[in-house]
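Dear colleague,

I am passing on the structure we talked about, and below it you will find my notes on what turned up in it. Please read them with the structure open beside you.

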Amino acid sequence: QVRMVESGGGWVQAGGSLRLSCVVSGSINSYNTMGWYRQAPGKQRELVARITYGGSTNYADSVKGRFTISRDNAKNTVYLEMNSLKLEDTAVYYCNKWLLAGLAPGTSWGQGTQVTVSS
């Protein structure tokens, strides 16, 4: 079973930066598209950014121009570089595969990594 382990979160002041990492225990190559998701308290989990095997990227409007997703297929790792962080970026961040049809309700998730942005 493929497992994801996210890391790199922490506390940062508004305007600061963080770099998240997600190591996939199985072969990341089995997933054409990987995504970073986040879930803020009281809100549904949302897609932040996604990247195809070949490196094509797509971002949510709320993070466009501030976040950069990348992947190293040889290291089975996906990254999320976050700059100019805002209070509203506070959430638990997860990585997982991305599917056009969406992820099934029983999809397995990692523990996530907490990002807290303060003023």
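A residue is called buried here when its relative accessible area is under 20%. Please keep in mind that this is a predicted model. By that cut-off, 5 of the 6 residues of strand β8 (residues 77-82) are buried, so the strand is largely enclosed by the rest of the structure.

Strand β8 has a partner in β3, with which it pairs in the antiparallel sense over 6 bridges, and R19 stands opposite E81 of β8 in the model. Strand β7 also runs antiparallel to β8, the two being joined by 6 bridges, and here T68 is the residue that stands opposite E81. β7 and β8 form a hairpin with 4 residues between them, and in the turn N76 has a positive phi of about 50°.

What does the side chain of R71 reach? R71, which is found in strand β7 (residues 67-72), is buried yet has no salt bridge, and the nearest side chain of opposite charge, that of D72, is 8.4 Å away. Its side chain instead reaches the backbone oxygen of N32 at 3.0 Å, and the backbone oxygen of I51 at 3.2 Å.

The structure also holds 1 disulfide, formed by C22 and C95, with their sulfur atoms 1.6 Å apart. This pair links distant parts of the chain, since C22 lies in strand β3 (residues 18-24) and C95 in strand β9 (residues 91-97), 73 residues apart. Both C22 and C95 are buried.

With best regards

Definitions and conventions:
Residues are numbered from 1 along each chain as its sequence is written. This is a predicted model: local features need pLDDT of at least 70, side-chain atom pairs count only at pLDDT 80 or more; totals for chains, interfaces and linings use all residues. Side-chain values use heavy atoms; hydrogens and water are left out. Buried means under 20% relative accessible area, exposed over 50%, partly exposed in between (1.4 Å probe, protein chains only). Lys and Arg count as positive and Asp and Glu as negative; His and the chain ends are not counted. A salt bridge is a side-chain nitrogen of Lys or Arg within 4 Å of a carboxyl oxygen of Asp or Glu. A polar contact is a pair of N or O atoms within 3.5 Å; within protein, one must be able to donate a hydrogen and the other to accept it, and residues adjacent in sequence count only if both atoms are side-chain atoms. A disulfide is a pair of cysteine sulfur atoms within 2.5 Å. Two strands pair if DSSP finds at least two bridges between them.
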